[in-house]
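User: Got a model here that I'd like to walk through. Can you take my questions as they come?

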Amino acid sequence: MIQRIKTFVVRHGSLLLTLAVFLLVYFIGGRLYPTMRKPQVFFNLFINDSSLLLVSIGMTMVILSGGGGIDLSVGGVIALVSTASAALLRSGVSPYLVLPLMILLGVALGSLMGWIIQYLKVQPFIATLMGLFFTRGMAYIISLTSVTITNELYKTFALTPIYIPFIPKAYIYPTTLVGPIMLLVAIYLSFFTRFGRTIYAMGNNEQSALLMGLPVARTKVMVYAFSGLCSALAGIVFSMSLLAGYGQFATGMELDAIASVVIGGTSLSGGVGNVLGTLLGVLIHGTIVSILQFNGTLSSWWTRIGVGVLTLIAIGIQSLFSIRTKRS
Amino acid sequence: MKKTALLKKIRDSQLFWPLVAWVLILIFNAIVEPGFFRLGIIEDPVYGKHLYGNLIDIFNNGAPLMLVAIGMTLVIATGGVDLSVGAVIAISAAMGAVLINPALGNQLITNDILTRNATNTPLPLIILADLAAGTLCGLWNGLLVSRARIQPMVATLILMVAGRGIAQLITNGQIMTIYYTPYFWFGNGYILGLPVSIYIVAVVLLLAWLLVRKTAIGLFIESVGINAKSTFYSGINEKNVKLLAYAFCGFCGAIAGLILSSYVHSADGNNNGLNYELDAILAVVMGGTLMTGGRFSMLASVIGAVVIWTFTVTVYSLGVPANALLAAKAVLVLLVILLYSDYSRRLMNRLFERRGSQHDTAH
Amino acid sequence: MNDAIDVVKMLGITKYFPGVIALEDVDFVLRKGEIHALVGENGAGKSTLIKVLTGVEQPDKGTIELDNKIVQVHSPQHSQELGISTVYQEVNLCTNISVAENIMLGREPRRFGSIRWQRMNELAQKAINRLSIDVDVTQPLGNYSVAIQQMVAITRALEVLSAKVLILDEPTSSLDIHETNLLFDVMRKLRNEGLGIIFITHFLDQVYQIADRITVLRNGKLVGTYEASSLPRVELVAKMLGRSLTELDAMSKVKSPEAEKKDRLPVVEAKGLGLARSLEPVDLELYAHEVLGIAGLLGSGRTEMARLIFGIDAPDNGSLLVEGKKVNKFSPLESLKRGIALCPEDRKAEGVVGDLTVRENIILALQARYGWFKFLSPQKQSEIADRYIQLLGIATPSPEQLVKNLSGGNQQKVILARWLATNPTVLILDEPTRGIDVGAKTEIQKLVMQLAEEGKSCVFISSELEEVMRVSDRVAVLRDRKKVAEYAGDVDEKTLIQAMAGEA
């Protein structure tokens with residue numbers, strides 16, 4: 001019995017550690033600010049960070065695939081999707097057309113970047129940087145100023161509260177559900193499909209994956225397409241939550257996403273980690289922000305430092321783990 | 001005979017392609033809008049007689065990027081990258097502003113205190129503190145990469161994320177406006193009609209050149225980037241070589257921050273140096289230094305930075321709305337990607353080889 | 001005996017590379033249900049032969065028959081489809097996923113696109129049980145030792161690919177005795193089931209432990225295929241080195257030293273110097289004014305010993321004294337400062353800095369000793385570069401030519417020049433004449449002897465016994481990672497070969 005517990009702990013050590021950190025931070029918050037103990041605060045984490053969660057899920061898969069995989073374009077895609085949706089809705093296009101169109105846009109952009117990375121052998125950093133410039137640039141071209149969204153469907157999704165059963169005064173919005181749903185999708189992909197397993201194999205050793213006959217090239221393009229999909233969904237959620245489209249949305253979100261992924265235990269060299277850890281990473285990020293908001297006096301820049309320190313610690317722990325496994 | 005040898009030397013030089021790119025943009029301007037090149041002399045009440053015009057703007061505004069590109073070149077030459085330069089700029093700017101006018105604590109802050117034209121710390125000391133702060137950041141990055149053996153992208157990511165927080169910490173979260181006029185000289189002053197910033201870039205470039213080409217450091221950096229193992233087996237302390245490169249990059253970032261905050265008369269932890277790391281990497285790539293490391297040319301990276309700024313100013317002066325600049329830049333990145341990709345390198349090699357140059361088969 | 005069925009027949013295989021004949025008219029036959037060892041020194045052509053069989057390279061001449069049908073192997077994928085599987089030294093699997101996945105991935109059982117884990121684990125467990133080893137297939141591969149990982153790779157080859165031919169490329173290099181025996185048990189089991197196994201190794205003991213037949217290659221040509229039981233070890237080594245036993249008696253002897261140099265202090269003294277999995281504890285002494293030859297087959301620990309003396313690796317056993325003082329800090333720079341130089345075996349990965357010029361490569365180590373700030377002036381650099389270009393006869397259009405554009409032999413000379421330029425007291429040369437034309441070989445050998453006469457202590461490591469004997473004052477013999485003999489004065493080649501082979 002004890003042996004089984006031991007194996008479980010060792011196998012999922014990283015995840016458990018991240019969970020512990022989350023609980024610790026949340027606990028500290030609750031201690032410092034009694035108002036933070038309200039259940040709604042927990043659900044607010046999901047409401048406020050739904051876009052970050054979506055983007056981080058896509059980012060996780062890209063980073064897992066290894067080879068320096070990273071997607072810097074996520075913030076730009078959000079901006080582009082929000083401004084494009086706003087502009088289209090304003091000119092009377094039906095949201096039932098706009099929504100699938102935006103998703104298609106995200107997937108197309110992601111596939112393009114993936115293709116450039118795989119077949120032109122450009123470093124992911126540079127290729128997705130171009131993606132960032134391009135998407136945000138196009139957003140600015142569509143509109144330099146913020147564009148409001150008045151569409152009814154959007155308003156419904158954004159403003160109708162869904163009450164949580166058994167927990168009084170706790171609610172979320174429809175848009176909040178997109179993140180967790182994609183999380184489940186990502187979990188399914190990661191653990192139950194050849195696509196996901198190929199990603200893990202590639203991340204560990206691309207050469208081996210190739211020799212094992214796995215479809216490395218195709219998977220690489222697809223993983224960036226997936227990230228594009230997540231970014232597009234994040235853009236839709238963003239534009240719904242704020243009922244606007246703006247070129248300056250989500251600046252710097254790529255950093256927060258990367259930090260969340262790393263804190264969640266995913267290694268930047270690939271092959272190690274999973275989206276559950278990323279969820280915890282995003283929640284930790286959200287908790288820190290909440291604590292600062294409750295404090296009121298400390299400004300948001302403490303988040304940056306806090307996130308930076310946590311990232312450092314996470315990387316440190318990861319290095320220790322990898323040194324240990326190399327030795328044995 | 002001699003002519004073709006000279007031509008080959010020019011073509012082989014790392015400066016060739018970035019210069020070609022720059023010249024192409026200039027030619028484009030000459031055709032489409034000759035007014036681009038107009039230079040005038042203006043009499044400024046504070047700084048005296050000086051030149052003004054687009055070309056001057058390019059070099060003055062582009063100076064911080066040129067400096068960061070110099071530092072980034074050495075880091076990339078060792079096979080690494082430094083994502084934190086933007087944050088270092090912000091930190092350095094913040095330090096400068098704060099040392100001039102702390103305005104902190106419970107002191108009653110009145111408008112005169114905030115806006116007086118005086119400094120709490122002598123200017124030379126401020127400069128020293130700035131440089132020290134930047135170099136320290138560089139050392140931090142260098143230690144993570146060389147000692148802790150963390151991948152450069154990961155290691156410098158930490159400072160990139162936390163650095164702006166640190167900058168805000170220094171300025172207490174506010175955008176600080178600087179009123180101390182002598183400080184403005186770095187970004188706005190003129191010597192012999194040309195902006196001070198150009199001279200600063202020239203001096204740094206000269207110092208850097210002396211450091212890497214008049215000592216063994218340049219050779220060691222290139223060697224480490226090409227084949228770190230062979231370099232180590234030849235008795236070179238590759239850890240310290242990398243440490244130096246990152247420290248120097250931080251140093252350059254500090255100077256860039258000084259010029260930038262001097263130019264805009266303020267320190268803004270959020271926006272100072274935003275996206276500079278991306279532009280700097282682009283400048284270095286354009287300058288022909290490979291991202292995998294090896295042979296480098298700081299001058300070529302500087303030219304790359306000039307190309308980026310010329311491109312930017314061209315886009316503006318064409319009347320392209322400001323909001324389209326970012327998209328245009330994306331096109332520039334795409335062109336760089338295509339030109340420098342494996343495909344075109346091989347194509348170029350084949351094109352040039354066909355002109356009858358003999359080469360040894362190595363195996 | 002004559003029931004033997006051939007599963008693979010390679011006939012008349014010839015393969016050219018620019019400037020070199022990798023294989024010339026080589027025949028190789030693998031029978032069903034046999035373990036066939038493939039041996040040969042550097043440049044023998046073993047890896048090229050395997051690359052031809054597995055479709056990585058296409059032969060210029062010759063045919064391949066599989067089960068008596070002529071086939072063209074287009075690619076590694078194709079060879080796997082034909083039933084030929086290879087397990088390399090660096091196990092080409094992924095350590096972060098489970099054993100079961102490593103075995104089944106690509107052919108895993110699925111329902112509507114979704115992986116059926118339980119079924120996959122069952123199938124994988126059954127497959128690995130076939131090898132009679134105890135492995136939990138749900139554990140990540142990285143939790144298991146390299147030995148087990150190799151077993152998993154073998155299982156994948158058999159399971160997913162229904163292999164008829166299994167090629168094991170240096171599988172025991174990172175295994176200890178127990179793991180090796182484990183592997184051999186598995187190999188015997190598979191052989192008895194009818195699998196044809198090609199076993200490439202440089203450990204002769206193991207060849208005799210497990211192989212049914214042995215094929216020897218040398219310099220791209222087939223020396224012969226023999227029954228293991230009828231080929232004495234000495235004869236095998238002789239054949240690998242291109243000698244016949246009868247020739248050996250007439251061979252040259254080690255040049256005898258002029259006078260007994262007693263009562264001299266060693267420049268370098270190794271006492272029980274060793275490193276786990278690399279070198280068994282070794283006692284060795286290096287003296288000035290002499291050349292110490294190191295003889296031994298590939299993999300006998302020669303390079304490992306050189307690396308320890310030069311400080312690339314730090315020992316975990318014993319001590320090293322340089323001029324009487326114990327070495328505490330092991331690093332190339334420290335050794336350089338103490339006057340020890342190492343010209344490494346793998347010049348491409350460990351010696352040459354390809355994109356630097358000939359001049360820069362030559363002065364590199366010397367500059368390392370001077371440090372960052374005492375930069376050798378351009379004139380001094382040119383002077384040194386020119387000197388050695390001339391001395392060693394380096395064929396280059398100019399000192400500013402990039403080293404990567406030089407031929408292999410000239411690259412080797414550049415590396416040699418680099419170390420000579422540091423004027424070392426001790427010069428260790430690991431295979432310095434490999435890939436160099438005959439004329440240049442002699443030059444280098446003469447140079448080494450001259451350096452010894454001038455007072456240096458030279459260590460000359462080579463697979464070619466002839467040159468080791470010609471150049472050395474003393475010879476140490478290494479075998480299977482330990483020093484087995486040391487000779488001074490008169491010793492003949494036959495004795496050396498016997499020491500290398502492990503027979504008195």
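User: What joins S1(B) to S2(B)?
Analyst: A hairpin, through 3 residues. The model is predicted: local features need pLDDT of at least 70, side-chain atom pairs count only at pLDDT 80 or more, and totals for chains, interfaces and linings use all residues. Residues are numbered from 1 along each chain as its sequence is written, and chains are lettered from A and ligands numbered from 1 in the order in which they are written.

User: In which sense do S1(B) and S2(B) pair?
Analyst: Antiparallel, over 6 bridges. Strand S2 of chain B covers residues 48-53. Two strands pair if DSSP finds at least two bridges between them. Strands (E, at least two residues) and helices (H or I, at least four) are DSSP runs, numbered from the N terminus.

User: Which residue is the bridge partner of B:Glu43?
Analyst: B:Lys49, in S2(B).

User: How many of the 6 residues of S1(B) are buried?
Analyst: The count is 0. That strand, residues 39-44 of chain B, is hardly covered. A residue is buried if 20 or more other C-beta atoms lie within 10 Å of its own, exposed if 12 or fewer, and partly exposed in between; C-beta atoms are placed from the backbone.

User: Switching to interfaces. How many residues of chain A are in contact with chain B?
Analyst: 34 residues of chain A, in contact with 31 residues of chain B. Contact means that the C-beta atoms, placed from the backbone, lie within 7 Å.

User: Which helices of chain A supply at least two residues each to that side?
Analyst: H7 (124-142), H13 (253-263) and H15 (301-327) of chain A. By class, the side of chain A that touches chain B has 24 nonpolar, 7 polar and 3 charged residues. Ala, Val, Leu, Ile, Met, Phe, Trp, Tyr, Cys and Pro count as nonpolar; Asp, Glu, Lys and Arg as charged; the others, Gly among them, as polar.

User: Where is B:Asn323?
Analyst: In the loop between helix H14 (298-317) and helix H15 (325-340) of chain B. Leaving aside its neighbours within four places in sequence, B:Asn323 is in contact with A:Tyr140, A:Ile141 and A:Leu144.

User: Why is B:Asn323 classed as partly exposed?
Analyst: Because B:Asn323 has 17 other C-beta atoms within 10 Å.

User: And chain A against chain C: how many residues are in contact?
Analyst: 18 residues of chain A with 15 residues of chain C. Helix H10 (194-204) and helix H11 (206-211) of chain A are the elements that give two or more residues to that side. H10(A) gives the most, with 5 residues. The side of chain A that touches chain C divides into 8 nonpolar, 8 polar and 2 charged residues.

User: What does the secondary structure of chain A come to?
Analyst: 15 helices and 4 strands. The radius of gyration of chain A is 20 Å, close to the 20 Å that the globule rule gives for 328 residues, so chain A is as compact as a globular protein of that length. That radius is taken over C-alpha atoms, and the rule is 2.2 Å times the number of residues to the power 0.38. Of the 328 residues, 55% count as buried.

User: What about chain C?
Analyst: Chain C has 18 helices and 22 strands. Its C-alpha trace spans about 70 × 55 × 45 Å along the principal axes. Of its 504 residues, 47% count as buried.

User: What is the strand order in the open sheet of 4 strands in chain C?
Analyst: S2-S1-S4-S5, with antiparallel pairing. S2 (20-31) and S5 (69-71) of chain C stand at the edges, each with a single partner strand, so one side of each is left without a neighbour in the sheet. Strand S4 (residues 61-66) of chain C pairs with S5(C) over 3 bridges. There, C:Ile64 stands opposite C:Val71.

User: Last topic, confidence. What pLDDT does chain B average?
Analyst: 83, and 88% of the residues score at least 70. pLDDT is the predictor's confidence in each residue, from 0 to 100.

User: Where in chain B is the pLDDT below 50?
Analyst: Over residues 356-363. Beyond near neighbours in sequence, this stretch has 13 contacts in the model. Where pLDDT is low, the predicted coordinates should not be read in detail.

User: And the mean for chain A?
Analyst: 87, with 96% of its residues at 70 or more. Confidence is lowest in H15(A), at a mean of 70, and highest in helix H4 (residues 50-64) of chain A, at 96.

Methods:
Two residues are in contact if their C-beta atoms, placed from the backbone, lie within 7 Å.
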